[in-house]
Every structure is written in C-alpha cells, then in structure tokens.
Amino acid sequence: MIVLSHCVSARSLRPLWMLEELGLPYELRMLPFPPRMHARSYLDLNPLGTVPLLEDGATRMTESAAMCHYLAARHSPGVLDVPVHESTYGAYLNWLHMSDATLTFPQTLVLRYTHFEPPERQQPQVASDYARWFLARLRAVDAAVQHNDYLCAGRFTAADVAVGYALLLARHLGLDAQFTPAVAAYWQRLQDRPAFLRALRVEQEAAQAQGVDPTPSPDLRF
Ligand SMILES: N[C@@H](CCC(=O)N[C@@H](CS)C(=O)NCC(=O)O)C(=O)O
C-alpha cells in the first residue's frame, strides 16, 4: 500500500492527483502545515520536514515531480507516462523538471515574503520580482498550449499534473488573473478533470477526519 504524507494543497497534491488519476489504493496521512513546527515526530520519517513523502514498500521519495514520474512509469506506461522510445520523451522530462525547478520555485519566494514571514521580515520587492519571474516563465506553457490541449505527447500526462500544481499555487497567490488566454483555458481543462476534483475533495475529507486544519497551506498566514 502506498502511503502519502500530505498537507492541504501543498506540492503533495501532485502525487495525490496522480493517485486519483490512476485509481490506485493508497493511505493519505494528513499533516498540519508546516510539519516541522506542528508535527515534530514527522522529522523521524522525513528529516527535511517537507511534504510530500511517498512510501511504497522500500521506496521513499521526497520530490513531488519525481513521484509523478514514478507513478506514471510504474502504473500507467504509455498513458500518463511517456516512454523512452516516444519522440517527445525529452520534452516530457523537461516539463516534469520545469514544473518545480522553474515554476514552483519562484512562487515559494512570493509566498514566503508576502505571507509566511512576520511583517518585519516581509520583502515586497522580492515578492514582486519573483511573481514577475514566474509569469515570464509561464511563456513556455503558453507556447505549448496555444494549439494543443496538453503540454506534450498529444495527450494528458504526468507532466500536466506536475505543471498543473504550479497553476493551482498561482491561483492561491492571486497570480492567475495574469494568465494568458491559452494558459487560462489549459488551466480550466485541468481543473475540469474528475481526478483533480476528487483529489481536492479527498484532502478536505481526510483533513476533517484526521483533525487537521483544512485551510489550504498556501492560504495560511503566520
Ligand atoms: N521540491 C520539493 C519541495 C517540497 C517542499 O518544500 N514542500 C513544502 C510544501 S509545498 C513544505 O513541505 N514546506 C514545509 C517546510 O519547508 O518546512 C517537492 O517538489 O516536493
């Protein structure tokens, strides 16, 4: 049984959404955000204190985009996964890595320096610079979905889940109003997916059932 440690609407939504797309059985372990402050015992499992943590037998992973790759390759070869022999394999890997290294990364600076730091440590200049950085990097997504429903391979893949989370985070940061029409339409296609909607419902129900604050972690203010 796969066990996923998750905070509401954190990057761990990527593997949760994948699990729902794949219809796999899993256990969802909800944590208050940030776990390093509110669930100290979690550090025994993941010394980084970050979510997600995915445990699958002896496999332990702490990178959300890698989990999308892993779950697609293991459980959906040639469907949510793009195999090595397909011509768009390189593009697929590029999107998976870009999703966190290029798209989510600048947003975490916006989040931190506008919402998570106390007022005296907030950095409006850093936040606005990295919001602009993020929106500029979205040009790659805009170009890819101008004439295609999904990012690569002519179908919905794990890369769309990984990049889709960056678009969800942008919504929490109020940056979605600046999406281009093509990116906005792509984001709407992702949000309409039954598995995406199930993932959002499941995390709320699990938070309530496990006594964890159901507020999406990007909406928390410290
Ligand atoms: N690159 C990692 C980043 C993981 C990460 O930083 N997760 C955030 C939530 S989105 C977290 O757990 N933050 C809590 C902390 O830094 O203490 C991934 O994509 O999974």
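Helices (H or I, at least four residues) and strands (E, at least two) are DSSP runs, numbered from the N terminus. The UniProt annotation "domain: GST N-terminal", from an unreviewed entry, covers residues 1–79; UniProt positions are given in the numbering used here, feature names are shortened, and annotations may be inferred rather than shown by experiment.

The model is predicted: local features need pLDDT of at least 70 and side-chain atom pairs count only at pLDDT 80 or more, while totals for chains, interfaces and linings use all residues. Residues are numbered from 1 along each chain as its sequence is written.

**Two domains**

Colour 2–80 + 195–219 as domain 1 and 89–192 as domain 2; the bounds come from an automatic or database domain assignment. Taken over C-alpha atoms, the domain centres are 19 Å apart. At the interface, 17 residues of domain 1 are in contact with 17 residues of domain 2, contact meaning C-beta atoms, placed from the backbone, within 7 Å. On the domain 1 side, α1 (13–22) and α4 (64–75) each supply at least two of the touching residues. That side has 10 nonpolar, 3 polar and 4 charged residues. Here Ala, Val, Leu, Ile, Met, Phe, Trp, Tyr, Cys and Pro count as nonpolar, Asp, Glu, Lys and Arg as charged, and the others, Gly among them, as polar.

**The ligand shell**

Next, show the ligand with A10, R11, P34, R36, G49, T50, V51, P52, E63, S64, A65 and D100 around it; each has its C-beta atom, placed from the backbone, within 6 Å of the ligand. By class, this shell holds 5 nonpolar, 3 polar and 4 charged residues.

Two prolines of the shell deserve a stop. P34 is in the loop between β2 (26–30) and α2 (35–38), and a cis peptide bond with omega of about -10° joins F33 to P34. P52 is in the loop between α3 (42–45) and β3 (53–56); the V51 to P52 peptide bond is also cis, with omega near 5°.

**Positive phi**

Most residues other than glycine have a negative phi, and most peptide bonds are trans. Go to S9, in the loop between β1 (2–6) and α1, where phi is near 60°. S9 counts as buried, with 25 C-beta neighbours inside 10 Å. The cut-offs are 20 or more other C-beta atoms within 10 Å for buried, 12 or fewer for exposed, and partly exposed in between, with C-beta atoms placed from the backbone. Then move to A153, in the loop between α7 and α8: phi is about 65°, and A153 is buried with 22 C-beta neighbours inside 10 Å.

Select T102 in α5 (residues 89–116). T102 is partly exposed, with 18 other C-beta atoms within 10 Å. A170 is 68 residues away along the chain, yet the C-alpha atoms of T102 and A170 are separated by 13 Å.

Finish at α9 (residues 181–191): which of its residues are buried? They are V183, Y186 and W187. Viewed down the α9 axis, these fall within an arc of 100°, so they line one face of the helix; the arc is that of the directions from the helix axis to the C-beta atoms. An α-helix has 3.6 residues a turn, so residues three or four places apart point the same way. The cover over the buried residues of α9 includes α7 (139–145) and α8 (158–172). Turned away from the buried side, the opposite face carries the exposed residues P181 and Q188.

Conventions. Two residues are in contact if their C-beta atoms, placed from the backbone, lie within 7 Å.
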